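Reader: I would like a close look at one part of this chain. Please take the aromatic residues first, and then the helix packing.

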Amino acid sequence: MTTEGRGGGLRVGLRVPRALFSAGQLAPAVEAAESAGVDALCVGDHITFHGGQGGDGLIQAAALAGLARRAEVSVAVYQLALRHPVAVARQLVDVAALAAGGLVLGVGAGGEDRGEVRAVGVDPATRGRRLDESLAVLRALLTGEQVDHAGEFFTLDGVAVRPAPARPVPLLVGGRSEAALRRAGLLADGWLGVWISARRFTEMVERVEGVAADAGRAAPRWRHGLQVWCGFGADRERAQAALAAEMEGLYALPFERFARWCPAGRPEDVAEFLAPYAAAGASDVNLIAVADDPMAAVTAAAEVRTLLA
């Protein structure tokens, strides 16, 4: 099968399994993924999710950037509303300098666990507005220019973060709400979907780009992608069982809520599920892959890329 996204070719990324983030395993995992042709190495982000789970997205991205020779490093999605945008700008500039293949930041409003939001002193009811303001501030700071800003949550008086990244850092927005789509259209370089059909993906992309056009915004080089939880194994039942256990442990919700959007089985099964999204114009697919052996997930993701490309 041959597919092509809006950027000229579909980029297939792998969310590096959490179990591989150790001193002895991360370097071999990155080498294996790059050797197999994976386009991007991805990480998620949480501070204290459902009782303490998580991993700092930008710290993990820095670890990947220091090892990767070719692959892009992607953080998706980052809980920007829980941080200060000036500190995030500093981190992005420094990580981008390490990332030979480039750095991408996807952000979301979060809120699946309101306790995580409250734990860092943020009112969950304000997280959408905080994210909008943070994105606007972050975009301005990444130019390297001095920024003056007086908003609801942040005040900046001639603040600069330098040097500006030599390669621009695309900012993407994740989420399925109308607020997320508007945020992507007005403030970002693209949109990341999750748990939606290919038809709905197309509709949401059109909505994002329509918002930008209606606002008179000069369209960026759009990057619209998909985050996909998937399970790999010798047969669908075993692969799905491992995937269900992983997702239920993270989200504290029954797998049945997600099953229809989470392919499982062999790489051929996952590639077949993804082909309609690529045909619908997705430029990026990030595989959140689960397998009995984390390194098997790396190999399987590379096979999916081969099948799609």
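Author: A definition comes first. A residue is buried when its relative accessible area is under 20%, and exposed when that area is over 50%. The model is predicted.

Start with W229. This residue sits in strand 11, which covers residues 225-232. Its relative accessibility is 5%, so W229 counts as buried. Y251 is buried as well.

W229 and Y251 form an aromatic pair. The geometry is edge-to-face. The ring centres are 6.0 Å apart, and the planes make an angle of 70°.

Now the surroundings of W229. Neighbours within four places in sequence are set aside here. What remains in contact with W229 is W195, L243, E246, M247, L250, Y251, W261, C262, P263, I288 and V290.

F49, W195, W229, Y251 and F258 are linked by ring pairs into a cluster. Over the whole structure, a search finds 9 aromatic pairs. One of them joins W195 and F258. That pair is tilted, with 4.8 Å centre to centre and 40° between the planes. W195 lies in the loop between strand 10 (190-194) and helix 7. F258 lies in the loop between helix 8 (236-251) and strand 12 (264-265). The pair therefore ties together parts that are 63 residues apart in sequence. Are its members buried or exposed? W195 has a relative accessible area of 17%, so W195 is buried. F258 is at 6%, so F258 counts as buried too.

Next, the helices. Two packed helices are described by the angle between their axes and the distance between the axes.

Take helix 6 and helix 7. Helix 6 spans residues 178-187, and helix 7 spans residues 198-214. Their axes are 7 Å apart, at an angle of about 50°. The two helices are therefore oblique to each other. The crossing is right-handed. On the helix 6 side, the contact uses E178, L181, R182, A184, G185 and L186. On the helix 7 side, it uses M204, R207, V208, V211 and A212. By class, this contact has 7 nonpolar, 1 polar and 3 charged residues.

Helix 6 also has a buried set: A180, L181, R183, A184, G185 and L187. Those buried residues pack against helix 5 (127-141), strand 9 (171-174), strand 10 and helix 7.

Then helix 9 and helix 10. Helix 9 runs over residues 267-279, and helix 10 over residues 294-308. Their axes come within 9 Å and cross at roughly 50°. Helix 9 is therefore oblique to helix 10. This crossing is right-handed. Helix 9 brings P267, E268, V270, A271, L274 and A275 to the contact. Helix 10 brings A300, E303, V304, L307 and L308. The residues of this contact divide into 9 nonpolar, no polar and 2 charged.

Technical notes: Residues numbered from 1 in each chain as written. Predicted model: local features only at pLDDT ≥ 70, side-chain atom pairs only at ≥ 80, totals over all residues. Heavy atoms only, no water. Axes fitted to C-alpha atoms, helices over the stretch in contact; angles between N-to-C directions. Helix = DSSP H or I, 4+ residues; strand = E, 2+ residues; numbered from the N terminus. Parallel < 35°, antiparallel > 145°, perpendicular 65-115°, else oblique. Left-handed = near helix turned anticlockwise from the far one by under 90°. Contact = heavy atoms within 4.5 Å. Nonpolar A, V, L, I, M, F, W, Y, C, P; charged D, E, K, R; others polar. Phe/Tyr/Trp six-rings, centres within 6.5 Å; stacked < 30°, edge-to-face > 60°. Buried < 20%, exposed > 50% of the residue type's maximum accessible area, 1.4 Å probe, protein only.
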